[in-house]
Structures are given as structure tokens and as C-alpha cells.
Amino acid sequence: MESLEAALAPYLQPLTSSLPAPLANLALSLLGSECYNVLLLRFHISHTPCVKLAISKVLGVGIIGASSVVKIPQLLKLLNSRSASGVSFLSYALETAAYLVTLAYNVRQGFPFSTYGETALIAVQNVAIAVAVLHFSGADSAAGVYVAALAAAGYALFSANVVDAGMLGYLQAGAGLLGVASKVPQIATVWREGETGQLSAFAVFNYLVGSLTRIFTTLQEVDDKLILYGFISGFVLNAVLAAQMVYYWNSPASKKTESKKLTNRGKEAFAMPTAASQGRSSATATPSKSPSTRRRG
């Protein structure tokens with residue numbers, strides 16, 4: 001590594017030491033002053049602790065970026081098929097609850113955003129998917145109650161006056177178990193139905209890679225066993241779900257619904273009844289007898 005450093009330094013050090021101000025400030029905020037000086041100003045890439053930190057930061061930012069779209073294919077499959085087949089509401093409800101607790105815990109502990117930022121983005125997508133599952137299952141009123149309950153829980157978790165630090169620590173321990181348990185209903189649903197239904201392969205495999213990456217970033221940046229054990233357990237069950245996805249990949253019952261764009265059928269889920277459609281409904285309804293104006297006698 002030292003020989004590589006000596007060979008590259010004359011060419012790369014002038015570039016890394018004179019980055020534009022926005023990039024330099026970003027690198028400084030991610031790496032800290034010590035590793036910023038070591039890696040970029042002095043170009044000592046043989047400094048193992050700072051190299052590990054840099055890799056962890058890059059992976060963390062990558063996970064956050066990917067998490068902004070990781071559940072979109074799943075949501076598109078639900079909307080385009082207008083069916084919740086193969087997707088477990090309980091799984092999404094449990095996972096969202098775990099993510100909400102974890103997000104509040106990390107924010108209030110002051111941990112680096114790069115180590116937990118994806119939880120906020122995935123939680124928002126989870127809520128949208130859970131509401132869609134309830135809607136396509138004919139439980140719209142339950143969807144409203146679910147969203148309201150999450151809002152109330154979020155207020156309580158982020159408020160130190162409602163949930164103190166000690167209680168939040170216990171909740172975080174439970175959130176790790178809850179996050180792991182959230183995979184069980186989905187695994188059971190796939191096993192029971194013998195198909196993956198509208199389950200998105202993109203989301204499943206990204207979760208698998210993401211949970212493995214989070215084990216590394218947690219080991220490097222966060223000295224918290226509760227979070228680490230949660231990611232390890234999550235990786236194991238994500239691996240089981242990924243194995244099911246592979247096993248049922250060619251199953252005739254598995255739905256090959258479009259997951260890259262919203263189709264016309266999917267757009268109908270957002271469409272309000274139009275005058276034309278109401279007219280058609282009236283025309284097809286059973287006509288009622290109107291009073292006769294013909295004179296009798």
C-alpha cells in the first residue's frame with residue numbers, strides 16, 4: 001500500500017488537496033478534520049483507520065441514496081396490479097414501527113446521519129405501501145387509523161418530555177427484535193401461498209445488500225451493540241426472504257407485474273370518478289319507473 005501511495009501521490013495529491021469548496025466542506029463533514037488531513041491533504045492512503053472510515057462513509061451515503069427509491073418498485077407493483085397478493089401488511093407495519101423507534105433513537109443520540117439516514121426514507125415508503133395494501137384489501141378506514149397512530153407515536157418518540165432517554169433505550173432494544181420479527185410474516189406469507197405474488201425482487205435483494213453493508217458501517221462508526229445485533233439478525237432473515245424469491249422465481253403463480261413505471265391501470269388507483277364514468281354507471285343501473293302523465297278514463 002505504501003508503494004502505491006508513493007506512486008500515486010505526485011499525481012493525485014494536487015487534486016485532493018485543492019478540491020472546490022463545496023466538495024471540500026462535504027468531505028470534511030464526513031471524514032472529520034483528522035482523516036480529512038490524512039487522506040486528502042497529505043494523501044496518506046496507507047492509514048488504515050481513516051481508509052476504513054472513508055469506506056464506511058461512502059457505503060453509508062450510497063445506502064441512503066439507494067433507500068430513496070428501494071421501495072418504489074414494490075409500490076408500483078401494487079398500484080399496477082391493484083392487488084396486495086403476496087404482500088404482508090403486518091410485515092410492513094412492524095418494520096415501520098421498528099424504523100420509527102430507531103430513527104428517534106439515532107437522532108436523539110446524535111449519531112452520524114450517514115449511519116441511519118435510510119431509516120427515514122424507507123419508513124415513508126413503507127407507510128405508502130402499507131396504506132396501498134390496506135386499500136386494495138378493502139380496508140380504507142384502517143389505513144386512516146394506521147397513519148394517525150404513526151403520527152402520534154412519532155411525536156411521542158421524538159419528544160424527551162414524553163419518552164425519556166432511558167425508556168427510548170428499552171424501546172430501541174425492542175425495535176431490534178421488532179425489525180427482525182417484521183420479516184417473519186412476509187416469509188410465512190410467501191411460504192403459505194407458494195408464490196412471491198406482488199413482492200418486489202428489487203426491494204428484497206437491495207435489503208439484503210443494505211443490511212450486510214450496515215453491519216460494516218455500524219462496526220466502524222457506532223459503538224452500540226443494540227443496533228449491531230439488529231442489523232445482523234435482519235441480514236439473516238433478509239437472506240431467507242431472498243432465498244424464497246430465488247426458489248419461487250419461475251413459479252407460474254408469481255406475478256410478473258410492471259415495477260419500473262406506473263401503468264394506466266396503476267393510474268386508475270388515483271383517478272376520481274369522472275362525469276363520463278358516472279354517466280355510464282347511471283346508464284347501466286336498473287331504470288326506475290317514472291310516474292305516467294297519460295290521462296286515464
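Predicted model: local features only at pLDDT ≥ 70, side-chain atom pairs only at ≥ 80, totals over all residues.
**Entry 1: the chain as a whole**

I began with the secondary structure. The chain has 13 helices and zero strands, and the order of elements from the N terminus is α-α-α-α-α-α-α-α-α-α-α-α-α. I then looked up burial and found that 42% of the 297 residues count as buried.

**Entry 2: the largest pocket**

Next I asked what volume the largest pocket has. The value is about 570 Å³. I counted 33 residues in the lining of this pocket, and Tyr-99, Glu-118, Ser-211, Arg-214 and Phe-231 lie nearest its centre. The elements giving two or more residues to this lining are α3 (48-67), α5 (89-109), α6 (117-136), α8 (165-181), α10 (201-221) and α11 (225-247). I sorted the lining by class and got 14 nonpolar, 15 polar and four charged residues.

**Entry 3: the cavities**

Rolling a probe the size of a water molecule over the atoms shows where empty space is left. How many cavities of 30 Å³ or more does a search of the whole structure find? The search finds two.

The largest cavity has a volume of about 170 Å³. Its lining holds 14 residues, and those nearest its centre are Lys-71, Tyr-92, Lys-183, Tyr-207 and Leu-241. At least two lining residues come from each of α5, α9, α10 and α11. By class I recorded six nonpolar, five polar and three charged residues in the lining of the largest cavity.

The second largest cavity has a volume of about 40 Å³. I listed its lining as Thr-102, Asn-106, Thr-115, Tyr-116, Thr-119, Thr-218, Val-222, Ile-227 and Phe-231. The elements that give two or more residues to it are α5 and α11. This lining divides into four nonpolar, five polar and no charged residues. I noted that Phe-231 lines the second largest cavity and is also among the residues nearest the centre of the largest pocket.

I checked the length of α8 against expectation. The helix has 17 residues and reaches 24 Å from its first C-alpha to its last, close to the 24 Å expected at 1.5 Å a residue. Which residues of α8 are buried? They are Leu-168, Gln-172, Ala-175, Gly-176 and Val-180. An α-helix has 3.6 residues a turn, so residues three or four places apart point the same way. The cover over the buried residues of α8 includes α5, α7 (140-158), α9 (183-193) and α11.

I then moved to Ser-182, in the loop between α8 and α9. Ser-182 counts as buried because its relative accessibility is 1%, against a cut-off of under 20%. Beyond its neighbours within four places in sequence, Ser-182 is in contact with Ser-91, Leu-94 and Glu-95.

**Entry 4: Leu-39**

I looked up Leu-39 in helix α2 (residues 21-41). Is Leu-39 buried or exposed? Leu-39 is buried, with a relative accessible area of 10%. Not counting residues up to four places away in sequence, Leu-39 touches Leu-31, His-44, Ile-45, Cys-50, Val-51 and Ala-54.

**Entry 5: positive phi**

Phe-43 has a phi of about 55 degrees and is found in the loop between α2 and α3. At 6% relative accessibility, Phe-43 counts as buried.

Arg-82 also has a positive phi of about 55 degrees, and its place is the loop between α4 (72-81) and α5. Arg-82 is partly exposed, with a relative accessible area of 32%; the class applies because this value falls between the 20% and 50% cut-offs.

How values were computed:
Residues numbered from 1 in each chain as written. Heavy atoms only, no water. 1 Å grid on protein atoms, 1.4 Å probe; cavity = no way out; pocket = protein on both sides within 12 Å on 5 of 7 lines; lining within 4 Å. Points joined across faces, edges and corners; volume = space filled by probe spheres on them. Helix = DSSP H or I, 4+ residues; strand = E, 2+ residues; numbered from the N terminus. Nonpolar A, V, L, I, M, F, W, Y, C, P; charged D, E, K, R; others polar. Buried < 20%, exposed > 50% of the residue type's maximum accessible area, 1.4 Å probe, protein only. Expected span 1.5 Å × (residues − 1). Contact = heavy atoms within 4.5 Å.
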